[in-house]
Amino acid sequence: MATTAAHPEPLTVLSRWYLYAIHGYFCEVMFTAAWEFAAHRNWKFPGVTSVWALFIYGTCILTVEHMYLRLRRRCPTLLRCLIYTLWTYLWEFGTGLLLRQFNACPWDYSQFQYNFMGLITAEYALPWFCASFIMERLVIRNTLRLRFDERAELGAPGGGGGGGGGAGGLGTSNGYVKVD
């Protein structure tokens, strides 16, 4: 009996948004913990964020993903990262302004010298630029490579029974279906 090659599907937009939201949420907590340590030598590393960060980061990074797909063959990496950084500032300002209308904006940069309305600050330009580079090179590229295989057995090592066994003779390696 011949087995046919599996055709796993790319992740849905909602699945990618979720991964981007969780990534942004985690990075926000880690950044605020590192900032607290650097500023106050707080060895507890209390990282904080807001539930709004899930929507903000998920949507922002999903938009950057679309920019990446359109610009990757047209612009060099550093120019793309500059564009992503500018987008991030616009998105942070817009979402902050909207949330402020409901007294729900979780950040306030008023104490920074180069802030605008307390919603964005030029002091974060380099961190946002570096985050854009990491986001494109690691997060977006790898998320776009992920595939969903409905035929993989749940709970089986390797996703498909390992080493060619299990669901139709399929095994997986690094998230890709391997056909023996």
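Start by selecting helix H2 (residues 52–71) and helix H4 (residues 125–145) in this predicted model. Their axes lie 10 Å apart and meet at an angle of about 75°, so H2 and H4 are roughly perpendicular to each other.

Next, show the side chains where these two helices touch. From H2, pick Tyr57, Ile61, Val64, Glu65, Tyr68 and Leu69; from H4, pick Trp128, Met135, Glu136, Ile140, Arg141 and Leu144. Nine residues of this contact are nonpolar, three are charged and none is polar.

Now turn to the largest nonpolar core, which has 30 residues. Tyr20, Val64, Tyr84, Trp87, Trp107, Tyr124 and Ile140 are the ones that touch the most other members. H2, helix H3 (77–100) and H4 each give two or more residues to this core, and H2 provides the largest share, with ten.

Stay with Tyr84 for a moment. Beyond its neighbours within four places in sequence, Tyr84 is in contact with Val64, Met67, Tyr68, Ser132 and Glu136.

Where do the charged partners sit? Two salt bridges are counted here. For one, select Arg16 and Glu65, whose closest N and O atoms are 2.8 Å apart. This pair ties helix H1 (residues 13–40) to helix H2 across 49 residues of chain. Arg16 is buried at 10% relative accessible area, and Glu65 is buried too, at 1%.

For the other, select Arg80 and Glu136, with closest N and O atoms 2.6 Å apart. Arg80 belongs to helix H3 and Glu136 to helix H4, 56 residues apart. Arg80 is buried, with a relative accessible area of 3%, while Glu136 is buried at 0%.

Definitions and conventions:
Residues numbered from 1 in each chain as written. Predicted model: local features only at pLDDT ≥ 70, side-chain atom pairs only at ≥ 80, totals over all residues. Heavy atoms only, no water. Axes fitted to C-alpha atoms, helices over the stretch in contact; angles between N-to-C directions. Helix = DSSP H or I, 4+ residues; strand = E, 2+ residues; numbered from the N terminus. Parallel < 35°, antiparallel > 145°, perpendicular 65-115°, else oblique. Contact = heavy atoms within 4.5 Å. Nonpolar A, V, L, I, M, F, W, Y, C, P; charged D, E, K, R; others polar. Core = buried A, V, L, I, M, F, W, Y, C linked by side-chain atoms within 4.5 Å. Buried < 20%, exposed > 50% of the residue type's maximum accessible area, 1.4 Å probe, protein only. Salt bridge = Lys/Arg side-chain N within 4 Å of Asp/Glu carboxyl O.
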